[in-house]
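Have a look at the model first, then read on.

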Amino acid sequence: MPPVVIEVRQPGTSSLWLVLRERLVMGRDCDGLVLRDPQVSRAHLALDVDEGGVTVTDLGSTNGTLLNGMRLTDPARVEPGDTIAAGGTTVRVSLWGVEPERRRVTGMTPVTVLADEISSEGVDRAPLVSSEGTVTIMFSDIESSAEITARLGDQAWLAVLREHDRIIRDAVRRHGGRIVKSQGDGFMASFKSARAAVLAAMAIQQGTRAHGEAHPDEKVRVRLGIHTGEAISASDGDLFGRHVVLAARIADAALGGEILVSSLVREISRGRGDLVFGPARPVQLKGLGEHVVHDVAWAQDPSRDTGD
């Protein structure tokens, strides 16, 4: 069976193209493709692929899932050219005849082969996703931001956010990363190096502490989570995939003033012996089960790793 390609279009964004080779869950807060569509449920629908084709299943969503305009009540087969609608998001299914022999010989990823195949047929490659490869993802946000906003008032809170924005962006830039996206007081950044991501996170905490000491009324506590893994990149630079979700979940598990990293990040970045990690901490991550994380000692320049 040729590779199955889906085109996902969310409100106000360009198309995202994915090669579907295993079960994919879509929703606002799921272990799969996270949608930024307020009309979809946390886990809205699932696409399954087998030798017979593609099956779409509504996962008990609030607003339902439509297949070619008909609301689903049971799992249904999807034919090439069919359109699935969930809230304001549409998913179109296609098949592409990419020879398996070519993939084995060249070692190219399915997305790369697909891009070449589509390009040869005169189709615009711009909307396609590509493999970002192994990257380190960092998520951050301010602890209890709603309470701080209520205490300070809107104008003072905006001043806090401006300084917070400056600290984050400066630290990411200085350590060779890029800001993927931001919303309110939350940021997502990517780095080519796990060590660079940890150093950037330390700089963020140190800068936030220094500003709070100089301006006690604007003191905030930042939570940061870091993980390394494979990701896919959309044409607008956004990143998707299970490892991106895992990084976000690790940040959710952090306390204010804390940097949490996955065990993989610790192993990759501890080589020089100048980063200090806390002991292994098992945590339950929503939708992902139990994972081991470590906190990072960021208050001063570390000289050794004491983690177990």
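How are α3 and α4 oriented to each other? This is a predicted model, and in it the axes of helix α3 (residues 145-152) and helix α4 (residues 154-174) cross at roughly 130 degrees. An angle over 145 degrees would count as roughly antiparallel and 65 to 115 as roughly perpendicular, so α3 and α4 come out as oblique to each other.

**α3 against α4**
- The two axes come within 6 Å, and the crossing of α3 and α4 is right-handed.
- On the α3 side, the contact uses Ser145, Ile148, Thr149 and Leu152; from α4, Asp154, Ala156, Trp157 and Val160 join in.
- Sort the residues of this α3 and α4 contact by class and you get five nonpolar, two polar and one charged.

**α4 against α5**
- Here the axes come within 9 Å and cross at roughly 150 degrees, so α4 and α5 are roughly antiparallel to each other.
- The crossing of α4 and α5 is right-handed.
- α4 brings Glu163, Ile167, Ile168, Ala171 and Arg174 to this contact, while α5 supplies Ala200, Ala203, Ile204, Gly207, Thr208 and His211.
- The class tally for α4 with α5 is six nonpolar, three polar and two charged residues.

**α5 by itself**
- Helix α5 covers residues 194-214, which is 21 residues, and at 1.5 Å a residue it should span 30 Å.
- Its end C-alpha atoms sit 31 Å apart, in agreement with that expectation.
- At the start of α5, a side-chain oxygen of Ser193 gets to within 3.2 Å of the backbone nitrogen of Arg195.

Terms used. Residues are numbered from 1 along each chain as its sequence is written. This is a predicted model: local features need pLDDT of at least 70, side-chain atom pairs count only at pLDDT 80 or more; totals for chains, interfaces and linings use all residues. Side-chain values use heavy atoms; hydrogens and water are left out. Axes are lines fitted to C-alpha atoms, for helices over the stretch in contact, and angles run from 0 to 180 degrees between N-to-C directions. Helices (H or I, at least four residues) and strands (E, at least two) are DSSP runs, numbered from the N terminus. Angles under 35 degrees count as roughly parallel, over 145 as roughly antiparallel, 65 to 115 as roughly perpendicular and the rest as oblique. A crossing is left-handed if the near helix is turned anticlockwise from the far one by less than a right angle, and right-handed if clockwise. Contact means heavy atoms within 4.5 Å. Ala, Val, Leu, Ile, Met, Phe, Trp, Tyr, Cys and Pro count as nonpolar, Asp, Glu, Lys and Arg as charged, and the others, Gly among them, as polar. The expected span of a helix is 1.5 Å times one less than its number of residues. A polar contact is a pair of N or O atoms within 3.5 Å; within protein, one must be able to donate a hydrogen and the other to accept it, and residues adjacent in sequence count only if both atoms are side-chain atoms.
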